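Subject: Structure for you to look at

Hello,

Here is the structure I promised to pass on. Please open it first, then read my notes below.

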Amino acid sequence: MSLRERETAVRQILERRPAQVPPDLCAAAMRRGGRMLRRRTVARRLLWLVLSAAVVAFFVWALTTRPWVEPPSTTTPPVTDW
């Protein structure tokens, strides 16, 4: 396709009547956008809730089991009466 043919094809496309847009397109887009925002907000709140529950569960576990304390030795008995 030569440059002149492409130009004429583009001009024909631009001179056509614009496509018809449905009259309720804006309202449908607003409803869909609002629904997407609500779902995103609920998902974000749910993720924060799960994250905070995991942090609380970790702290409760750490305070009850105290993993930083060295467990008593069970391989040798304590030395007494030397």
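Helix H1 covers residues 3-15. H1 has 13 residues. From its first C-alpha to its last, H1 reaches 18 Å, close to the 18 Å expected at 1.5 Å a residue. Please keep in mind that this is a predicted model.

How many of the 13 residues of H1 are buried? The number is 0, so H1 lies largely in the open. Buried here means under 20% relative accessible area.

Now the start of the chain. Met1 sits in the segment before H1. Met1 has a relative accessibility of 71%. That value counts as exposed because the cut-off for exposed is over 50%. The C-alpha atoms of Met1 and Pro18 are separated by 25 Å. Along the chain, Met1 and Pro18 are 17 residues apart.

Next comes helix H2, which takes in residues 25-65. H2 has 41 residues. Its reach from first C-alpha to last is 59 Å, close to the 60 Å expected at 1.5 Å a residue.

Which residues gather in a patch of positive charge on the surface? They are Arg31, Arg32, Arg35, Arg38 and Arg39. I checked one of them in more detail. Arg32 is found in H2. Arg32 has a relative accessible area of 55%, so it counts as exposed.

The other patch is nonpolar. Trp48, Leu51, Val55, Phe58, Phe59 and Trp61 form it on the surface. Together they have about 690 Å² of accessible area. Trp48 is found in helix H2. Is Trp48 buried or exposed? Its relative accessibility is 59%, so Trp48 counts as exposed.

Last, the residue that follows H2. That residue is Arg66, and its place is in the segment after the helix. Arg66 has a positive phi of about 45 degrees, although it is not a glycine. What is the exposure of Arg66? Arg66 has a relative accessible area of 47%.

Best wishes

Terms used. Residues are numbered from 1 along each chain as its sequence is written. This is a predicted model: local features need pLDDT of at least 70, side-chain atom pairs count only at pLDDT 80 or more; totals for chains, interfaces and linings use all residues. Side-chain values use heavy atoms; hydrogens and water are left out. Patches are made of residues with over 30% relative accessible area and no salt bridge: like charges are joined within 9 Å, nonpolar side chains (Val, Leu, Ile, Met, Phe, Trp, Tyr) within 5 Å. Accessible areas come from the Shrake-Rupley method with a 1.4 Å probe; for residues, only the protein chains shown count as cover. A salt bridge is a side-chain nitrogen of Lys or Arg within 4 Å of a carboxyl oxygen of Asp or Glu. Lys and Arg count as positive and Asp and Glu as negative; His and the chain ends are not counted. The place of a charge is taken as NZ of Lys, CZ of Arg, CG of Asp or CD of Glu. Helices (H or I, at least four residues) and strands (E, at least two) are DSSP runs, numbered from the N terminus. Buried means under 20% relative accessible area, exposed over 50%, partly exposed in between (1.4 Å probe, protein chains only). The expected span of a helix is 1.5 Å times one less than its number of residues.
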